[in-house]
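Me: I have a structure to go through. Can we talk about its charges and its buried parts?

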Amino acid sequence: MRVGSNPSKTNFTIEIDSTHRVILSVYIPNLEEAYFKDSQTIFKYCIESLVNTVHSKTRISIVINGCCQEISDMIYDYQKKYPIIDQIFYTKENLGKINAIYSIVKSNLEPLLTISDADVMFLPNWQKEVETVFVDFPEAGMVSPVPSSKGFLFSTASTLYYGLFKGKIKFQKVKDPEGLINFQKSVGSNLYQKIHLEKYLVVSNGVAEAVVGCGHFVATFRKQVFEAAPTKVCKFRVQNNSEEDYLDDPNDMSGFLRLATLGNFAYHMGNSPHPWMEEKLQETLIDTSITTPLEIPDPISFSKSQYKIGKFLSRLLFHKFRRQFFSHLGVNEPY
């Protein structure tokens, strides 16, 4: 028998104080296999660098996505220590990155959502730099603190349209080539030739500049991007274009820009600790750059026809004329 009335019926509006949510999906099934043996240390650098560099209006969600007991315990200990970690989702089996993060994306109200792998080192000022891009470019829907020389080749039709018809677009000198060098070291592959460390494609609107394109191992999205995402459950844990289908393409097809900061404000660490990581973590402990969150303007997106025009131009430029204009930039998938 129910007695009385549920208070939620008279106070039914959901109000939040936070403006920016960071989502980490963690898959560390054991600490014995060679691939995972140092993952606990890498994740320590990731989560501690994150909590040390975000402003007070930030909240953090962590998905325990098929982790061993040691990592699960570690995550719950961090939640007790840091109140900004306000959500922990647990699943015994690995559901894949997309399904893990979408369980949070679809259930939170913050206007900005940063999706990150669990092996990212966040550097001082990353959040301010990313939010500044959203302020300077209200058309932006996806912004990474890690620029890529090859990022403009993928899911940037709307960005290309903007650069050609509403702003200016050109190759210019890479501000922080060390960031690109460190990334290719972290993945154990020679992704960049000499030219990639010298030039990247930049868009300007007369007020500010940003790099065209970005990878998806760490990126911040407007909430509205996911309104155009597939509604079906992702059938793949990784690869098979899952991140493109559920993250990159919805942003592009919605008419939003895909951008990155000019400077490098995060590092991909991979699965092997190195002395520089501890040094960078210590820098976050003395970070004095953290400020109050910026006021993000309402989004401005393009029409589907403009996206289609941008898609046609991107195919024309990056395929038909690749040899003449873009062969030196390569065609490997961005990180």
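Predicted model: local features only at pLDDT ≥ 70, side-chain atom pairs only at ≥ 80, totals over all residues.

Me: How many salt bridges does a search of the whole structure find?
Reply: The search finds nine. One of them joins Glu-110 and Arg-21, with the closest N and O atoms 3.0 Å apart.

Me: Where do Glu-110 and Arg-21 lie?
Reply: Glu-110 is in the loop between α3 (97–105) and β4 (112–116), and Arg-21 is in strand β1 (residues 20–26), so the pair ties together parts 89 residues apart in sequence.

Me: Are those two buried or exposed?
Reply: Both Glu-110 and Arg-21 are buried. They are also linked with Asp-86 in a network of salt bridges.

Me: What about Lys-44, which residue does it form a salt bridge with?
Reply: Its partner is Glu-48, at 3.4 Å between the closest N and O atoms. Both lie in helix α1 (residues 39–51), four residues apart, about one turn of the helix. Lys-44 is partly exposed at 28% relative accessibility, whereas Glu-48 is buried at 16%.

Me: Changing topic: which residues form the negative surface patch?
Reply: Glu-32, Glu-33, Glu-70, Asp-73 and Asp-77 form the patch. Asp-73 sits in helix α2 (residues 69–81) and is partly exposed, with a relative accessible area of 37%.

Me: And how many residues of helix α5 are buried?
Reply: Seven of the nine residues in α5 (residues 157–165) are buried, among them Leu-160, Tyr-161 and Tyr-162.

Me: Where is Ser-148?
Reply: Ser-148 is in the loop between β6 (140–144) and α5, and is buried at 1% relative accessibility. A polar atom of its side chain lies 3.2 Å from the backbone nitrogen of Lys-150, and one lies 3.3 Å from the backbone nitrogen of Gly-151.

Conventions
Residues numbered from 1 in each chain as written. Heavy atoms only, no water. Patch = residues over 30% accessible without salt bridge, like charges linked within 9 Å, V, L, I, M, F, W, Y side chains within 5 Å. Areas by Shrake-Rupley, 256 points an atom, 1.4 Å probe, with all protein chains shown as cover. Salt bridge = Lys/Arg side-chain N within 4 Å of Asp/Glu carboxyl O. Lys, Arg positive; Asp, Glu negative; His and termini not counted. Charge placed at Lys NZ, Arg CZ, Asp CG, Glu CD. Helix = DSSP H or I, 4+ residues; strand = E, 2+ residues; numbered from the N terminus. Buried < 20%, exposed > 50% of the residue type's maximum accessible area, 1.4 Å probe, protein only. Polar contact = N/O pair within 3.5 Å; in protein donor to acceptor, adjacent residues only side chain to side chain.
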